[in-house]
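Please work through the following exercises with the sequence and the model side by side. Each task is followed by a solution that goes step by step.

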Amino acid sequence: MMQIRPVRVRPIIEKDLALVRAWMREAPEAPRWNEDDLAAVLRTPLEGERKLRRGWVAEDAEAGLAGFVVATALCISGHRAECELEFVLVKPEARKRGIGGMLVQAVAEWACSLEANEIRLEVRESNARARRLYERCGFAVVGRRPGYYADPTEDAVLLRCVVGD
Ligand SMILES: CC(C)(COP(=O)(O)OP(=O)(O)OC[C@H]1O[C@@H](n2cnc3c(N)ncnc32)[C@H](O)[C@@H]1OP(=O)(O)O)[C@@H](O)C(=O)NCCC(=O)NCCS
């Protein structure tokens, strides 16, 4: 029988930011964003804005916030929107419950709502956990950026997932 988890995914709000920033500071995989990068996720874009950024959190009814995901979309009139999954993180004690998959799914639904036909992302070659998650969610390798990451220097693997029709 399928187990029902008391976890829901909802858009990120101001009061989530302090915890999300703390997780990012502690995670070696996290990009080094400044205060403004994350706060930008909360700004509702004006009509006609071309670059959108959105964030969602996974919230466990019993244990509080469990993870988050941030994605961007480039929306240029007359072209299909281009979506990028920037970063997903599940706090260590909440991992291996399918929450990472739920967060990636939120991005896929957003991409579909924007009529994008794909989501792209890059990941450190050695990040096996994240690569397994993305592969399970339908992403496939489409390229590589040699030496893209620093400390330590490492290649980025470029992944793509087709969404919509
Ligand atoms: C990558 C990351 C987001 C995955 O989050 P997660 O919530 O553990 O992801 P899932 O639970 O969907 O899947 C993880 C594993 O748990 C397994 N799993 C999922 N639901 C499960 C369940 N109910 N019971 C047991 N195992 C389960 C999955 O099969 C998967 O196994 P695998 O790694 O052997 O393939 C998390 O490890 C993380 O935050 N890492 C650090 C940040 C990071 O690297 N982000 C990506 C940068 S690009």
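The model is predicted, and so local features need pLDDT of at least 70, side-chain atom pairs count only at pLDDT 80 or more, and totals for chains, interfaces and linings use all residues. Residues are numbered from 1 along each chain as its sequence is written, and side-chain values use heavy atoms, with hydrogens and water left out.

**Exercise 1.** Describe the order of the elements and the overall dimensions of the protein.

*Solution.* Begin with the helices (DSSP runs of H or I, at least four residues) and the strands (runs of E, at least two), which are numbered from the N terminus. The protein has 4 helices and 7 strands, and from the N terminus on they run β-α-α-β-β-β-α-β-α-β-β. Next, take the C-alpha trace, which spans about 45 × 40 × 40 Å along its principal axes. Finally, compare the radius of gyration, taken over C-alpha atoms, with the globule rule of 2.2 Å times the number of residues to the power 0.38: a compact globule of 165 residues would have a value near 15 Å, and the 16 Å of the protein agrees with this.

**Exercise 2.** Find the residues that surround the ligand and the elements that supply them.

*Solution.* First collect the residues with a heavy atom within 4 Å of the ligand; 20 residues surround the ligand, and the closest are V88, V90, G98, N127 and R136. Then assign them to elements: β4 (82–90), α3 (99–113) and α4 (128–136) each give two or more residues to this shell, and α4 gives the most, with 6 residues.

**Exercise 3.** Identify polar contacts of the ligand and state how much of its area is buried.

*Solution.* Look for pairs of N or O atoms within 3.5 Å. A polar side-chain atom of R132 lies 2.9 Å from an oxygen atom of the ligand, while for R95 a polar side-chain atom lies 3.3 Å from a ligand oxygen atom. From R97, a backbone N or O atom lies 3.2 Å from an oxygen atom of the ligand. Taken alone, the ligand exposes 960 Å², of which the protein buries 75%, with areas computed by the Shrake-Rupley method with a 1.4 Å probe.

Technical notes. A polar contact is a pair of N or O atoms within 3.5 Å; within protein, one must be able to donate a hydrogen and the other to accept it, and residues adjacent in sequence count only if both atoms are side-chain atoms.
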